[in-house]
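Here is a quick walk through a few local features of one protein model. Have the viewer open as you read.

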Amino acid sequence: MDGRALPSMRRATVLLVTTLFLATALAGCLETFSSDAPPTVTMSVSPSGTVKVGDNVHFDATGSSDPDGDPLSFSWDFGDGDTASGMSANHVYNSQSPPVGFTAQLCVSSTTFDICDERIIMVAAADAELPTA
């Protein structure tokens, strides 16, 4: 056997073992990263624009989905201390909003993720004249 073949075989063996080790380690990492994706949040508010104190406001998360088909839960925070759960909710604001409005928030949760979206809700006095388009 040629004396030069032995170091070359050692290098090939080390390279092969290193490649197998890295491939095995990375396969687990790639599986972890690709196994779950965050849900998509879709939030609508009706009526849109400024509402009056005492008006019923409908919040809807229809259209929210999870690309992996994971079950979703829906949490609403209306910005005035009241909360609700479910894909849709109705809420009545009992006071005028501060000048910056109430921040209504929808959080959609899957098995791994909590993704939230917000809308500013302006609430005027019950006897206020609302602008028209």
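What follows covers the disulfide, the salt bridge, and two further residues with their surroundings.

This is a predicted model, so a word on the ground rules: local features need pLDDT of at least 70, side-chain atom pairs count only at pLDDT 80 or more, and totals for chains, interfaces and linings use all residues. Residues are numbered from 1 along each chain as its sequence is written, and side-chain values use heavy atoms, with hydrogens and water left out.

Let's start with the cysteines. The structure has 1 disulfide, a term used here for a pair of cysteine sulfur atoms within 2.5 Å. The partners are Cys107 and Cys116, with 2.0 Å from S to S. Their link is right-handed, at 105 degrees about the S-S bond.

Next, the charged pair. Side chains of opposite charge can pair when their charged atoms come close. The model holds 1 salt bridge, meaning a side-chain nitrogen of Lys or Arg within 4 Å of a carboxyl oxygen of Asp or Glu. Arg119 and Asp117 make it, and their closest N and O atoms are 2.9 Å apart.

| Residue | Relative accessible area | Class |
|---|---|---|
| Arg119 | 31% | partly exposed |
| Asp117 | 24% | partly exposed |
| Pro98 | 36% | partly exposed |
| Ala84 | 28% | partly exposed |

Now for Pro98. You'll find Pro98 in the loop between β6 (88–92) and β7 (102–109); strands here are DSSP runs of E, at least two residues, and helices are runs of H or I, at least four, numbered from the N terminus. Pro98 lies 24 residues from Met122 in sequence, and their C-alpha atoms are 8.1 Å apart in space.

Finally, Ala84. This residue belongs to strand β5 (residues 83–85). Which residues does Ala84 contact, leaving aside its neighbours within four places in sequence? They are Phe74, Ser75, Trp76, Phe78 and Ala89, where contact means heavy atoms within 4.5 Å. Ala84 and Leu106 are separated by 22 residues in sequence and by 9.6 Å in space, C-alpha to C-alpha.

Notes:
Buried means under 20% relative accessible area, exposed over 50%, partly exposed in between (1.4 Å probe, protein chains only).
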